[in-house]
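Have the viewer open as you read along.

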Amino acid sequence: MNILKKIPVKKKKLLSLIKKYKTPLWLYHAKTIKKQIFKLKKFNIIRFAQKACSNIHILKLMKKYGTKVDAVSLGEIERAIKAGFKKNSNDIIYTSDIIDNETLRKVIEYNIPINIGSIDMIKKIGKKSKNHKIWIRINPGFGHGHNKKTNTGGKNSKHGIWNTKLALDLIKKYKLNLIGLHMHIGSGVDYRHLKKVCNAMIQEAEKINCKLSYISAGGGLTIPYKTSDKEININNYYEIWENARKRISKKLNCKMKLEIEPGRFLVAESGFLISKIESIKEVDKRKFILVNVGFNELIRPTLYGSYHYISILPKDNRKINYLDTFEAIIGGPLCESGDIFTQKKDNSIYTIKIPKVKYGDYIIFHDVGAYGSSMSSNYNSRPLIPEILIKNKKIIQIRRRQTIEEMLSLEI
């Protein structure tokens, strides 16, 4: 295996796992998730953004190790409840910029706090549920992210409330119970930018000028996708936000808890996508390695130009020489030109250095635990692939492979 980015599973066990479940498949490592959770223990509340990886068994792990959960749809609320998170508590928060009638009815029935992202939501909730516990998700007028599509703040972002004074007037009118402020401006961490975010949170809290129970730092914590990437300094990140919490608490004269809402940070490094090489072909002196996964499984490279480290698992007992390489483009099976895993943010294709491989060898995509399976689809009428969890050295299938019959059943 590649010495630069190891898989926490021995080669023999991986091959037996592949033999049993076939490829392609998702693989998660529970110990990695636990390790990431404990890195954030300084925060009063760790709230998992389950959109990153919403399998019920992953949610059960989160609950076991003390996290709470964020839900952005009624489906995610029901998933969280199935995983053991409690109604009538702070276990689940519903975050959105809109709320349909069915979701609103369930949120009221379950007594779940709502993180409000639009003025219209305040009116709709206020008319149906007096004294409902709410947060305000603030758009501070700026954002940040590794890609324009992951920037969740500023005038080009649909997320959050721009006019906090109007929001507060309506909250008072409808007698809603404002308990917290939330500010998530996008993925990625820039410490100078983070101080700007914290200052914006302090200013907004001063404008609102009422007692609060919580502030949320949002999510967006990065992980080292490339071997040259540096890990985030969690202590530094925490201290900047904790200083903001203390200042707000002093100004508003109330005790407050500091939440953080990571998604990718908790699960990305735990996940691997195992695929099989089905063709090695040459096109005008460029070599393409085609595998049996496409962007219907892993869409991040196509959607964002995201990078995922690749390692090789030989189908036989031969050793892989990572010093003897050739340039190749990695692509999938879809009837779609964009089904390429080695592409940049501008959609231009690039080659990577890859060791000598054979037909039938396995290519493993690293750090796919976040926004991998949760963003997969049935495009090209391809069934969803299985998810496997390694927990306490045991192999557990946490989602079986979807059959074609099951995929078609909704249409028959």
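Which residues are linked with Arg 318 in a network of salt bridges? In this predicted model, the network joins Arg 318 to Asp 316 and Asp 361. Asp 316 is partly exposed, at 27% relative accessibility.

The structure holds 14 salt bridges; three of them are set out below.

| Pair | Closest N to O distance |
|---|---|
| Arg 318 and Asp 316 | 3.0 Å |
| Lys 68 and Asp 91 | 3.5 Å |

Arg 47 is buried at 1% relative accessibility, and Glu 259 is buried with a relative accessible area of 1%.

Lys 68 pairs with Asp 91; Lys 68 sits in strand S3 and Asp 91 in the loop between helix H4 and strand S4, so the pair ties together parts 23 residues apart in sequence. Lys 68 is partly exposed at 22%, while Asp 91 is buried at 13%.

Now turn to the surface. Lys 10, Lys 31, Lys 34, Lys 64 and Lys 393 gather there in a patch of positive charge. Lys 393 belongs to the loop between strands S16 and S17 and is exposed, with 74% relative accessibility.

Helix H6 is worth a look too. Its buried residues are Ile 119, Met 121, Ile 122, Ile 125 and Gly 126. They fall within an arc of 155° seen down the axis of H6, so they line one face of the helix. Asp 120, Lys 127 and Lys 128 are exposed on the other side of H6.

Methods
Residues numbered from 1 in each chain as written. Predicted model: local features only at pLDDT ≥ 70, side-chain atom pairs only at ≥ 80, totals over all residues. Heavy atoms only, no water. Patch = residues over 30% accessible without salt bridge, like charges linked within 9 Å, V, L, I, M, F, W, Y side chains within 5 Å. Areas by Shrake-Rupley, 256 points an atom, 1.4 Å probe, with all protein chains shown as cover. Salt bridge = Lys/Arg side-chain N within 4 Å of Asp/Glu carboxyl O. Lys, Arg positive; Asp, Glu negative; His and termini not counted. Charge placed at Lys NZ, Arg CZ, Asp CG, Glu CD. Helix = DSSP H or I, 4+ residues; strand = E, 2+ residues; numbered from the N terminus. Buried < 20%, exposed > 50% of the residue type's maximum accessible area, 1.4 Å probe, protein only. Arc of directions from axis to C-beta.
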